[in-house]
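Me: I am new to this structure and would like to learn how to read its features. Please take me through a few of them.

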Amino acid sequence: ALFGPTAAAALVAWRTGRLRAWAGGIVRWRVPARWWAVALGVPVAFAAVVHLVFGLVGIDAVYLSLLPAQAISYLPVLVVLSIVGGGLNEEPGWRGFALPQLQERLSVMRATAVLGIAWAVWHLPSFAFPEVRNGLESGQFGLLVAGALVEVVAWAIVFTWLYNHTTSTLLCILLHGGINAAFASLLLPAAALTGSVYLQVALTGNAVVVAGAAALVVATRGRLGQRTVSPGA
């Protein structure tokens with residue numbers, strides 16, 4: 001099931017004669033270095049901003065004590081999650097195939113919203129696992145799910161911006177793996193966080209991503225790197 005988006009994209013690309021172009025995006029690494037820096041640096045910067053917010057408002061010292069050991073795992077976790085934790089198993093479907101097709105028919109913001117919502121809904125079954133609840137009461141768990149879904153749509157804006165500047169599915173794979181690794185190693189270390197602290201970390205992360213995505217929309221005037229005028233704009 002994890003490889004559903006990529007498998008679906010491969011099948012449709014093959015049936016529509018776009019398989020070679022689709023596969024080319026997955027291995028497209030010759031892009032300006034600054035975009036490699038974006039793909040690899042955004043997840044770390046995201047985690048750093050979340051920690052900065054916590055430094056301003058105060059945070060449980062037990063949580064902070066977990067970070068040094070967990071941070072060491074970031075790079076190996078990034079590699080694993082780029083392959084089987086959202087990167088290679090999702091991005092060739094979402095950004096490698098669906099996004100360019102949608103942008104041929106819709107404005108860049110509408111295409112991003114449609115894809116972002118589909119991407120968010122696709123994640124809903126993952127919240128059925130008991131460990132995701134992590135000691136939260138029903139109301140708290142509802143906030144966790146709602147915040148996560150909004151965050152996924154916000155991240156879609158960042159991915160569109162990166163893809164439109166590079167047409168590289170590979171960089172989107174690395175960005176996706178990095179985001180998940182940042183949560184696993186830098187923000188939600190192991191299963192040590194429970195209850196209100198767990199929710200606080202998650203919701204702060206949600207807010208940071210939404211604010212960053214909004215700033216990106218304003219900075220690009222809603223173009224998100226698209227060079228041509230899109231339909232419906």
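Me: Is Trp-122 buried, partly exposed or exposed?

Reply: This is a predicted model. Buried means under 20% relative accessible area and exposed means over 50%, with partly exposed in between. Trp-122 has a relative accessible area of 30%, so this residue is partly exposed.

Me: Which ring pairs with Trp-122, and how are the two planes set?

Reply: Planes over 60 degrees apart count as edge-to-face. The ring of Trp-94 has its centre 5.8 Å from that of Trp-122, and the planes are at 80°, so the pair is edge-to-face. Trp-94 belongs to helix H6 and Trp-122 to helix H7, 28 residues apart. Trp-94 is buried, at 10% relative accessible area.

Me: What kind of pair do Trp-119 and Phe-159 form?

Reply: That pair is edge-to-face, with 85° between the planes and 5.4 Å centre to centre. Trp-119 is in helix H7 and Phe-159 in helix H9, so parts 40 residues apart in sequence are tied together. Trp-119 counts as buried at 4% relative accessibility, and Phe-159 counts as buried at 0%.

Me: Where does the charged end of Arg-95 sit?

Reply: It sits over the ring of Trp-119, 4.2 Å from the centre. The charged end of Arg-95 also sits over the ring of Phe-159, 4.4 Å from the centre.

Me: How do helices H6 and H9 pack?

Reply: Packed helices are described by the angle and the distance between their axes. For H6 and H9 the angle is about 75° and the axes are 11 Å apart. That makes H6 roughly perpendicular to H9. Residues in this contact include Arg-95 of H6 and Phe-159 of H9.

Notes
Residues are numbered from 1 along each chain as its sequence is written. This is a predicted model: local features need pLDDT of at least 70, side-chain atom pairs count only at pLDDT 80 or more; totals for chains, interfaces and linings use all residues. Side-chain values use heavy atoms; hydrogens and water are left out. Axes are lines fitted to C-alpha atoms, for helices over the stretch in contact, and angles run from 0 to 180 degrees between N-to-C directions. Helices (H or I, at least four residues) and strands (E, at least two) are DSSP runs, numbered from the N terminus. Angles under 35 degrees count as roughly parallel, over 145 as roughly antiparallel, 65 to 115 as roughly perpendicular and the rest as oblique. Contact means heavy atoms within 4.5 Å. Rings of Phe, Tyr and Trp (its six-membered ring) pair if their centres lie within 6.5 Å; planes under 30 degrees apart count as stacked, over 60 as edge-to-face and the rest as tilted. Buried means under 20% relative accessible area, exposed over 50%, partly exposed in between (1.4 Å probe, protein chains only). A charge sits over a ring if NZ of Lys or CZ of Arg is within 6 Å of the ring centre and within 35 degrees of the ring normal.
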